[in-house]
Amino acid sequence: MNLTESTEWQELRSLYEATEDATLHQLFAQDEQRGESFSLQAGDIYADYSKNLVTHDTIKLLIDLARARGVTELRDAMFAGKKINTTEDRAVLHTALRNQGSEHITVDGQDVMPEVRAVLKRMAEFSAAIRNGSWKGHTGLLIKNVVNIGIGGSDLGPVMVVEALKHYSQRDIQVRFVSNIDSTHLAEATHDLDPAETVFIVASKTFTTDETMTNAHSARDWLLASLHDESAVAKHFVAVSTNAEEVQKFGIDTANMFEFWDWVGGRYSLTSAIGLSIMVAIGPDNFQDLLAGFYTMDEHFRTAPLEQNLPVILGLIGVWYGGFYGAASEAILPYDQYLSRFAAYFQQGNMESNGKSVTKEGKPVDYATGPVIWGEPGTNGQHAFYQLLHQGTQFIPCDFIGFARPLNPIGEHHRKLTANLLAQTQALAFGKTADEVRAEGVDEALVPHKTFWGNHPTNTLLLPELTPNTLGQLIALYEHKIFVQGAIWGINSFDQWGVELGKVLAKDLYHVIADNTQPAYDSSTNSLLDVYRKLQK
């Protein structure tokens, strides 16, 4: 049945119409224990979702919707290795990459865990060799720089995690990233590096991704311009790929090729060999702790009742806001500078997964699906876009993420950071009425400008400390939240056909530009090509 025609959706619609004028002031006044009754502990994450426009009836009806839409069945099928990516006929088994249990996980009748653990072992050996200096470059120098070349899922996850876990990194090894086909990215990443002390990780499943391979070949040229020996490539390049033929053709020893599988989606791949740069940065032991954190949340999602299942609750609240309040975006606001790339990572994680307008059966949807995801660390965001959150016209649910203990304790910094986090959620929820503003003696002409309507919903996630383990829990939480929402909406969260058309057109346009041929496109594209050529001269 179409989602909006289901009994559960109609009941939610009726509830929304009956309660849409309710305020958070009223909800908290009606329930003195609301803060406790609308909160959950999952692993190390304490989640307060009390500052949302929901009641116990809302949550009950949303849980009913999850059951009716087969969330638990689809979840169990994913963990069991069933091919739930229907448009590509693939299993979706990123959870196997961080499985800490002893059970077998099979795809097409084959247990994938021996291969997963074999690759992790080889990754650990390579990482240890770079970190302890036993892997040396072509000229015998120690490796001091590792540059990961990838794009999309082969870049965003490693970039985010290496930054997030910088506190745990080996500081005498630089780990940098190149993704953009803009030559500036490669030039700036390598401009102060010594080729003899640099290893490149080329991350591309097919070893044919245009942006990645263009950058890889240019990096190869940069290396050989200094070392003047083709055999040097084997000591300064390794591959994360499944295409041994192309890897060998590039000059990389296939013994230094780290595999992953077609049941690993790009945006879910950082715990696969795609995370090799992460392991080099933080070491095999910390990487193992990261995997253990993922597993903690995987097990919570797999086993907890829906009513106490944090990814399910957060996912359903998002469906509630998108479906009935018209929320077109969500902000992720971590109050930790190390998480500066966390929101950017889940721009891909969420928007590539759930940015779909047809169901798995190919039928157009008549409801909102994936929201726009954005955000910046606090308190920087407070001096940038929080004005719109507090007094703008957009309805934007927000997630606030904080840690009880700082990794870099200096003076009063962390207490002030935490005070800001809590103050923002309080201000967004309850605001300040016009009468409260007047009571402060504010001139009447300024009262409208200093009034805060409040009623802006937030979730607050508090954790003890940012560690590899707690980071793994956080990432898995958001992954499974995305899964829940895709299941409710009846879309395939694990394909990304929307990225293909532009890539195909770009190949044709490249030849028109490179060969200086006459374009035969629409008038806008033809004119832009003409202006581009004139400007080049």
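Predicted model: local features only at pLDDT ≥ 70, side-chain atom pairs only at ≥ 80, totals over all residues.

**Stop 1: the cores.** Start with Trp263, Phe342, Ile401, Leu471, Leu474, Ile475 and Ile488, which touch the most other members of the largest nonpolar core, a set of 126 residues. Now colour helix H21, residues 468-489: with twelve residues, this helix gives the core its largest share.

Next, click on Phe342. Beyond its neighbours within four places in sequence, what is Phe342 in contact with? The list is Met160, Ile332, Ile401, Leu471, Leu474, Ile475 and Tyr478. Apart from this core lies another one, of 24 residues, and you can find it by selecting Ile149, Val178, Ala232 and Val247, which are among its members.

**Stop 2: salt bridges.** The whole structure has 24 of them. Pick Glu230 and Arg220, whose side chains meet at 2.6 Å, N to O. Here, Arg220 sits in helix H10 (210-227), while Glu230 is ten residues away in the loop between helix H10 and helix H11 (233-236). Is Arg220 buried or exposed? Arg220 counts as buried, at 15% relative accessibility.

Lys249 is exposed at 57%, whereas Glu246 is partly exposed at 25%.

**Last stop.** Select Arg98, Asp298 and Glu479 together: a network of salt bridges links these residues.

Technical notes. Residues numbered from 1 in each chain as written. Heavy atoms only, no water. Core = buried A, V, L, I, M, F, W, Y, C linked by side-chain atoms within 4.5 Å. Buried < 20%, exposed > 50% of the residue type's maximum accessible area, 1.4 Å probe, protein only. Helix = DSSP H or I, 4+ residues; strand = E, 2+ residues; numbered from the N terminus. Contact = heavy atoms within 4.5 Å. Salt bridge = Lys/Arg side-chain N within 4 Å of Asp/Glu carboxyl O.
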